[in-house]
Amino acid sequence: MRDPWEVLTAGSPDADRSVLLLPGGACAARSFNLVMADPALAGARLVATTMPGNAGAPPSKDVSIPALARQAGELAKTHDCDVVVGFSLGATVALDMVRSGQFHGPVVLLGISLTTADEARFFRTVVRASQKIGKWPMALLIQLMPLMARSAKTDPAHKKELIEDLKRNRAADTVPLCGEYLDYVAADRDPAADLAALNNPAWVVHAEKGDGGLTDAERATLEAAPNVTLVTLPGSVFFLPDEAPQQIAEVISAALAQAA
């Protein structure tokens, strides 16, 4: 039986600094392999996890974002992590960790959708249709994801692993998880203002195209926040940790430099 929170580690257990890495929806811990191997993070302890219900990992009883944030917070405490990094769904969990006080250090948010306006309409349509008429629209999307990954600009061996992990997803697990995620980002609040009001140093990383984005109002709020650094990667990048590992590792290194 697989653990709902599978863990993949790199680096010395005696390292002075540790990082928790939360992958995107449908992805596994090893989607961060190239980031973890980057020389910019040499000397740090790196802890990547496959979150429940993703890449074939069994779902937990409560797959709401706050519940996942609480569980991830416990994982961060267990491994004495100084920085939390999240991609897409993982970034939403990481943001809730700092907003709810589960984590108090620097946070790196990769490809995060702060509100419904940032999330792809096609994805929203598939999830809501699957909730209403059955899981088959999500099952079709899961079949398409490996085809999308074939165009990822990454190491061939790593791409093979990424495709394998995407194929392990199950619609029955994914629909409840994605429904909870969409409910969370649709809630009546201002996540950009919340992030700007925190004491946590934060990095928000997006590509010019491919991984979602920010509204003009969200971007203006974050650009004015003294604790937030916005990073825009050139070109089209969908799988940020897989396709831009060096740039992501450099951002994480900057976050580690500000860890107390």
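A cavity is a set of grid points where a 1.4 Å probe fits but cannot get out. In this predicted model, the largest cavity has a volume of about 50 Å³. The count comes to one cavity of 30 Å³ or more.

The lining of the largest cavity is made up of Thr-92, Leu-95, Arg-99, Ile-112, Ser-113, Leu-114, Tyr-184, Val-185, Arg-189 and Pro-191. Six of these residues are nonpolar, two are polar and two are charged. Helix 3 (89–99) and helix 7 each supply at least two residues of this lining. Helix 3 gives the most, with three residues.

Buried means under 20% relative accessible area. Thr-115 has 18% relative accessibility and therefore counts as buried. Beyond its neighbours within four places in sequence, Thr-115 is in contact with Val-185, Pro-191 and Glu-218. Val-185 and Pro-191 also line the largest cavity.

The largest pocket holds about 680 Å³ of space. Its lining comprises 29 residues, and the closest to the pocket centre are Gly-25, Ser-88, Glu-119, Phe-123 and Phe-238. By class, 17 residues of the lining are nonpolar, nine are polar and three are charged. Three helices each supply at least two residues of the pocket lining: helix 4 (121–133), helix 5 (136–149) and helix 7 (171–185). Helix 7 also supplies at least two residues of the lining of the largest cavity.

Thr-174 lies in helix 7. Its relative accessibility is 10%, so Thr-174 counts as buried. With residues up to four places away in sequence not counted, Thr-174 touches Gly-53, Met-138, Ile-142 and Asn-169.

Helix 6 spans residues 156–167 and has 12 residues. From first C-alpha to last, helix 6 reaches 17 Å. This is close to the 16 Å expected at 1.5 Å a residue. Buried residues of helix 6 are His-158, Lys-159, Leu-162, Ile-163, Asp-165 and Leu-166. Seen down the helix axis, the buried residues of helix 6 fall within an arc of 160 degrees, so they line one face of the helix. Pro-156, Ala-157, Lys-160 and Lys-167 are exposed on the other side of helix 6.

Ala-15 and Leu-46 are 31 residues apart in sequence. In space, the C-alpha atoms of Ala-15 and Leu-46 are 9.4 Å apart. Leaving aside neighbours within four places in sequence, Ala-15 is in contact with Gly-43, Ala-44 and Arg-45.

Key. Residues numbered from 1 in each chain as written. Predicted model: local features only at pLDDT ≥ 70, side-chain atom pairs only at ≥ 80, totals over all residues. Heavy atoms only, no water. 1 Å grid on protein atoms, 1.4 Å probe; cavity = no way out; pocket = protein on both sides within 12 Å on 5 of 7 lines; lining within 4 Å. Points joined across faces, edges and corners; volume = space filled by probe spheres on them. Helix = DSSP H or I, 4+ residues; strand = E, 2+ residues; numbered from the N terminus. Nonpolar A, V, L, I, M, F, W, Y, C, P; charged D, E, K, R; others polar. Expected span 1.5 Å × (residues − 1). Buried < 20%, exposed > 50% of the residue type's maximum accessible area, 1.4 Å probe, protein only. Arc of directions from axis to C-beta. Contact = heavy atoms within 4.5 Å.
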